[in-house]
Amino acid sequence: MSDSSDIVELNIGGVTYSTLQSTLQSEPDSLLANLVGQQQQQQHQHNHLNNVSLDINNKITRDNKNRYFIDRDGVLFRYILDYLRCKKLILPESFQEKERLKSEAEYYKLTNMVKALTIHQQFGRTMQTTITPTLTTTINENESENLAASSASLSESSLVKQPRSVNGYIVVGYRGTFAFGRDGLADVKFRKISRVLVCGRVHLCREVFGDTLNESRDPDHGQTERYTSRFFLKHTFLEQAFDMLGEAGFVLVGCAASGCSGSTEPGKQTDNEENRWLHYNEFVFQRGL
């Protein structure tokens, strides 16, 4: 059993993680292993100062809760950590950010993971790549020939029909009203949306909305086959969301709308225009099936 001194708290681009020192040291020459080495050295020297910059490209500091802060992609780091824990590369089906993940692996100096991702990009499948002191498992010539032959022999029908995992439903919803001028004097009433909500299977939502998706309210720690109703977009433009869904092959199959009861704090005016026009709308999009 590990004691608390073996636990490392990380803040990666605003997303927090907890792991063991031994996990981060899975690849000894990596930036993360170097981080742990400096932490152990600081503990040995009884140096408990906060906000100490480490000498790793001068990019790693501690945040206000004394966690190591790395200004990188916090969502993609889950796959970095999974690789170090499992000692093999396992990505969700229809994972669309291999190049970005490869860039992250290069930043952390995870040589074996970079090689595994290169193989994954070339052959389009998850590679069971085991970390060893020499190198990771590689594809031999026979296996490469078999993969090429299999790809060439795919029938036209199998190329057209998408697997079920890339098909499904995504629901986009919003609660909004109309923006009115002071005392309702404005001639033009503009649509006012506070947040665009996204519900559906996690990996489908990521595929469609990419960097515009905010996952801060529902971290899944890599469980991409599950469903969520807690994602929302970083913008409030419905048409942009619809364009992205259309470009990904989704079509609108249903929608619903309803009025909302306006609520105000006691003592405040209740009969104002924005509260009277509150509404909630949902749009159901489907691909395949």
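Which residues make a nonpolar surface patch of about 270 Å²? Here are some friendly notes on that and a few other features.

1. This is a predicted model, in which local features need pLDDT of at least 70, side-chain atom pairs count only at pLDDT 80 or more, and totals for chains, interfaces and linings use all residues. Residues are numbered from 1 along each chain as its sequence is written, and side-chain values use heavy atoms, with hydrogens and water left out.

2. The patch is made by Y169, V251 and V253. Patch residues have over 30% relative accessible area and no salt bridge, with nonpolar side chains (Val, Leu, Ile, Met, Phe, Trp, Tyr) joined within 5 Å and like charges within 9 Å; areas come from the Shrake-Rupley method with a 1.4 Å probe, and only the protein chains shown count as cover for residues. V251 has a relative accessible area of 48%, so it is partly exposed (buried is under 20%, exposed over 50%, partly exposed in between; 1.4 Å probe, protein chains only).

3. R100 pairs with D211 at 2.5 Å, N to O, and R100 is partly exposed at 32% relative accessibility. Salt bridges with shared partners join D73, E97, R100 and D211 into one network.

Notes: Salt bridge = Lys/Arg side-chain N within 4 Å of Asp/Glu carboxyl O.
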